[in-house]
Amino acid sequence: MNALKTFRPALAALIFVGLSGAAYSAQSEWVKPQQLIVDKSLSRTQLTTNEAVAREYATFWNTGKESLARDALAANFIDKTPPEGRKQGPEGAILASRAFRTAVPDLRCEVEQMIISGDRVVSHLHFYGTFTGTFGKLKGKGQKIDFIATDIYEIREGKIAANWHIEDNLTLMKQLGAL
């Protein structure tokens with residue numbers, strides 16, 4: 001029995017190291033900002049947490065991997081600037097990604113710059129891909145898509161609780177052939 005008591009902490013440590021390694025490995029594959037601007041008064045923990053959750057969410061937009069959005073967004077996530085008809089909560093963002101990936105299956109997202117201050121992260125995003133699918137009544141003809149967006153995330157308890165966003169929809173609609 002004493003051997004078991006001695007063995008448990010060692011086993012727990014091995015499991016923790018394994019999980020930490022997997023988490024670190026996943027983070028190393030997340031989108032990295034080309035430029036990172038940080039509030040130097042933030043604690044290392046808050047800075048690391050805010051950057052990680054923002055990078056995880058950007059990676060969702062880059063890959064379409066829905067588990068990343070579900071992990072990055074709070075269960076009661078609020079989209080402060082939703083397009084008409086978009087659901088609230090993580091499901092709204094996931095449905096938007098699915099719909100846009102139907103139009104642009106090779107969609108990619110880069111973070112040109114990320115600004116972290118207090119409980120906010122501002123991400124300047126660059127989206128690009130090829131319009132080969134359908135978007136509403138529009139059918140793609142292989143047009144290149146290349147537009148920017150800016151998101152402001154409110155981070156609470158390690159999750160994105162709210163998002164204000166603006167996309168360059170004029171450029172996007174022109175590229176889709178809607179205008």
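Glu-157 is exposed, with a relative accessible area of 84%, because any value over 50% counts as exposed. In this predicted model, Glu-157 sits in the loop that joins strand 7 and strand 8. Its backbone carries a positive phi near 55°, although the residue is not glycine.

Another loop, the one between strand 6 (138-139) and strand 7, holds Lys-141. The relative accessibility of Lys-141 is 76%, so this residue also counts as exposed. Although Lys-141 and Thr-130 are eleven residues apart along the chain, 8.7 Å separates their C-alpha atoms.

Two residues in helices fall into the intermediate class. Thr-63 belongs to helix 2 and is partly exposed, at a relative accessible area of 40%. Setting aside neighbours within four places in sequence, Thr-63 is in contact with Leu-68, Arg-101 and Arg-108. The C-alpha atom of Thr-63 is also 7.6 Å from that of Leu-107, a residue 44 positions away along the chain.

Arg-70 is part of helix 3 (residues 66-72). With a relative accessibility of 42%, Arg-70 counts as partly exposed, because that value lies between the 20% limit for buried residues and the 50% limit for exposed ones. When residues up to four places away in sequence are not counted, Arg-70 touches Glu-91, Ile-94, Arg-98 and Lys-159.

| Residue | Relative accessible area | Class |
|---|---|---|
| Glu-157 | 84% | exposed |
| Lys-141 | 76% | exposed |
| Thr-63 | 40% | partly exposed |
| Arg-70 | 42% | partly exposed |

Attention now turns to the helices. Helix 2 contains 20 residues and reaches 28 Å from its first C-alpha to its last, close to the 28 Å expected at 1.5 Å a residue. Helix 2 is mostly covered, with 14 of its 20 residues buried. Just after this helix, Gly-64 adopts a positive phi of about 80°.

Helix 4 has 14 residues, and its span from first to last C-alpha is 21 Å, close to an expected 20 Å at 1.5 Å a residue. Its buried residues are Pro-90, Gly-92, Ala-93, Ile-94, Ala-96, Ser-97, Phe-100, Arg-101 and Ala-103. Ile-94, in this buried group, is also a contact of Arg-70. Arg-101, likewise buried in helix 4, is in contact with Thr-63.

Which residues lie closest to the centre of the largest pocket? The largest pocket has a volume of about 580 Å³. It is lined by 27 residues, and those closest to its centre are Trp-61, Pro-83, Arg-86, Ala-96 and Glu-167. Two or more lining residues come from each of helix 2 (44-63), strand 2 (73-79), helix 4 (90-103), strand 4 (120-131), strand 7 (143-156), strand 8 (159-167) and helix 5 (169-176). The largest share, six residues, is supplied by helix 4.

The protein chain has five helices and eight strands. Their order along the sequence follows the pattern α-β-α-α-β-α-β-β-β-β-β-β-α. Of the chain's 179 residues, 37% count as buried. Among contacts between residues at least 6 apart in sequence, 61% join residues at least 24 apart. The accessible surface of the protein chain amounts to about 10,300 Å², and 59% of this area belongs to carbon and sulfur atoms.

How values were computed. Residues numbered from 1 in each chain as written. Predicted model: local features only at pLDDT ≥ 70, side-chain atom pairs only at ≥ 80, totals over all residues. Heavy atoms only, no water. 1 Å grid on protein atoms, 1.4 Å probe; cavity = no way out; pocket = protein on both sides within 12 Å on 5 of 7 lines; lining within 4 Å. Points joined across faces, edges and corners; volume = space filled by probe spheres on them. Helix = DSSP H or I, 4+ residues; strand = E, 2+ residues; numbered from the N terminus. Expected span 1.5 Å × (residues − 1). Buried < 20%, exposed > 50% of the residue type's maximum accessible area, 1.4 Å probe, protein only. Contact = heavy atoms within 4.5 Å. Areas by Shrake-Rupley, 256 points an atom, 1.4 Å probe, with all protein chains shown as cover.
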